[in-house]
Amino acid sequence: MGKRQRRRNRQKAKATGQRQQQPTAAPKADIVQYPTAGTPLLQVDIAAGTPPEIRDMCLAYWEFEEPGTWARNVSAIGATSFVYATVKEACTVSLLTVACPDCSSPLRVTSRSEMTATGFWKAGAMPADTVHSAVSCADCQKAQREARAQRVAAEKLKGEEQREARRTNAGRWLDAHREHGSWKEEPSMKAALALLSMTDILEKSGTGSFGPLDKAAYSFTGSGDGDFEVMRELHSNRWLAPTTPATIDNFAYKDDDTVHGVYPLTVPWRLAHWAGDDTAAACADVRSILFQEIDAFEDLDFVQEVVHDLEADMIVKYLGGLLENKYDEAPIPEARIPEAHETAKTALEGGFTLKQMLAVAWSATSRSAAWGARTEWVKPGMVSSAAVTNLGKGVGYAKDRGVQEYEPPHWLKEPAILAPARRLLAEHAKAREAMAAFRSIHQRIVSRADDPVDFHDELDDTGFKDFGQQFQDWVTDLKAGRPTRDETHAMTYAVVTPDGEMQIKDGTAKTMRDEVSLAGAGFVDRVMLDTTRTINAYVGELVPPTKENDNRVAVEMLRLLGDEGGKLFGPIAFFQVGPGSHRPGGLDREHQDLIRAAHQAVVARTSTST
């Protein structure tokens, strides 16, 4: 190869390299505007390199001369679904006089239906000058969706962080209740009765908690508002504490997400932590405080009034329930509800029972419904109003007549505090009867009592002979291996043990002394009563002063009989002394009745305070 050929080859390679370095010009898109005559309103951008048949399909699809009318139907162009998919993929269409309200660029559409949705595709509606659309363009809508998704994600994260903070604060708030060492203020009568019924529920369930009340089948006061107030009072005064399971939505929060309070009807409850975690012991402790420490139920008249109020509420609910559910009448007019309640309460105070008043209410609604059925001019509400009137008339009619008793229907629920309130009233009535019986016998015996015997130093309670002789007999019997002799007389006596039980026994004076003295150091002390001078008692000396030996019942019996002493421990024996004699004697029938009556009065009174 000669030099000339080599030079030609180099020039050819250089030219080829220069051609390769020059950038290839990008193909230009095919742009067509419609209508072809006049002001362009729509622009079709067809991607470069689009096959001619696809280009023709796009133009045929979008061609028009007047807004509102297309040049041809889709079916005339091709298969509908194929045409839609192909046009959407191959071209972009912009409305030249309709701008996006966000970015001001021409609004884009991908199909005729989207064009119609803009509201401009009708005769005379397409603007000649640029206007803003009511909706954003696709790009702006996408950006808005992304921004909205980011905002939702941020809010979700913030919400999760807030819920976690509230969950932590709610747990701390619940734990803080364990630091409460005692109750703050005495409960009101209704709250105290509710607390008493709560102890009954807790003992029966054995779960240690009750509620939530908005899901329970019972109500303490008979109404949601009443339960709310009672629970709030008991919680604020530290008689109750909310417990788990509870959700963070059961609590009210401050701005910093710390707990402000709890919604009383939505959480489970337990007795306050200061009462302990043993349910039975906690219930006993709360009852002891209510009855003995603060004497919450001293005002029995108030307890009776609460019972009458609650029962009157039940009667009004029964009256309204019959009218609405059985006779399809309007509810009792609101203005007459207080009258119906007062009528029912007055009847209960006058001696009617709840079940009798249910019978009277049933009769009142029946008569009123019958009157409404046969009277043409009756207006809505008049039958219900007449039922209230007939309730009062029915009470007046039944005062001097026998009244049936109707059992409450299953839908008429008794407030939970009614049971302990009625129990209190019954126990106090029993205690009053027992006390009246004791006083009757006591006054009869005391009025006949002679002057007391004058005791002196040489009189003792060691077996009614001198101690020296008694000791010699004891030594003689001991040496001979014989049991200790009992030469005391037979008698009837009463023994009260620390558990509160009393027995009338037949034995000897020595048997009585031994039964009492063996609990302590083997000796006894005599208790002489100033009021009931024919009754004395033996108590053992040096009996260990433990809780198990505390004889509260016997001490209260002695107080009824005239003793003003303090605590006594161990079994205590009651016996009779006659006029002019210090020796223990057997209880005759009348004095046995007196001791029994004293025991029954004390037990009845004690049962109302536990």
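In this predicted model, helix α11, which covers residues 337-349, packs with helix α13, residues 382-398, at an angle of about 15 degrees, and their axes are 9 Å apart. Angles under 35 degrees count as roughly parallel, and α11 and α13 are therefore roughly parallel to each other. Their crossing is left-handed. On the side of α11 the contact is made by Glu 339, Ala 340, Thr 343 and Ala 347, while α13 contributes Val 388, Leu 391, Gly 392 and Val 395. Sorted by class, the residues in this contact of α11 with α13 are five nonpolar, two polar and one charged.

From this pair of helices we can turn to the nonpolar cores. In soluble globular proteins, nonpolar side chains tend to be buried together. The largest nonpolar core here has 79 residues, and those with the most contacts inside it are Leu 290 and Phe 297. Helix α10, residues 300-326, gives the most to this core, with 13 residues. If neighbours within four places in sequence are left aside, Phe 297 is in contact with Met 189, Ala 192, Leu 193, Leu 196, Leu 290, Phe 291, Leu 424 and His 428. There is also a second, separate core of 32 residues, which includes Ala 431, Val 527, Leu 568 and Ala 604.

The chain as a whole can be described with a few totals. It contains 18 helices and 16 strands, and of its 610 residues 41% count as buried. Among the contacts in the chain with a separation of 6 or more, 68% are between residues 24 or more positions apart.

Some details of the backbone are found in the loops. The peptide bond from Gly 211 to Pro 212 is cis, with omega near 0 degrees, and Pro 212 has its place in the loop between α7 and α8. Another cis peptide bond joins Thr 244 and Pro 245, where omega is about 5 degrees; Pro 245 lies in the loop between β8 and β9.

Ser 104, in the loop between β5 and β6, has a phi near 65 degrees, and at 48% relative accessibility Ser 104 counts as partly exposed. Asp 328, in the loop between α10 and α11, has a positive phi of about 55 degrees. With a relative accessible area of 67%, Asp 328 is exposed, since exposed means over 50%.

Key
Residues are numbered from 1 along each chain as its sequence is written. This is a predicted model: local features need pLDDT of at least 70, side-chain atom pairs count only at pLDDT 80 or more; totals for chains, interfaces and linings use all residues. Side-chain values use heavy atoms; hydrogens and water are left out. Axes are lines fitted to C-alpha atoms, for helices over the stretch in contact, and angles run from 0 to 180 degrees between N-to-C directions. Helices (H or I, at least four residues) and strands (E, at least two) are DSSP runs, numbered from the N terminus. Angles under 35 degrees count as roughly parallel, over 145 as roughly antiparallel, 65 to 115 as roughly perpendicular and the rest as oblique. A crossing is left-handed if the near helix is turned anticlockwise from the far one by less than a right angle, and right-handed if clockwise. Contact means heavy atoms within 4.5 Å. Ala, Val, Leu, Ile, Met, Phe, Trp, Tyr, Cys and Pro count as nonpolar, Asp, Glu, Lys and Arg as charged, and the others, Gly among them, as polar. A nonpolar core is a set of buried Ala, Val, Leu, Ile, Met, Phe, Trp, Tyr and Cys residues joined through side-chain atoms within 4.5 Å. Buried means under 20% relative accessible area, exposed over 50%, partly exposed in between (1.4 Å probe, protein chains only).
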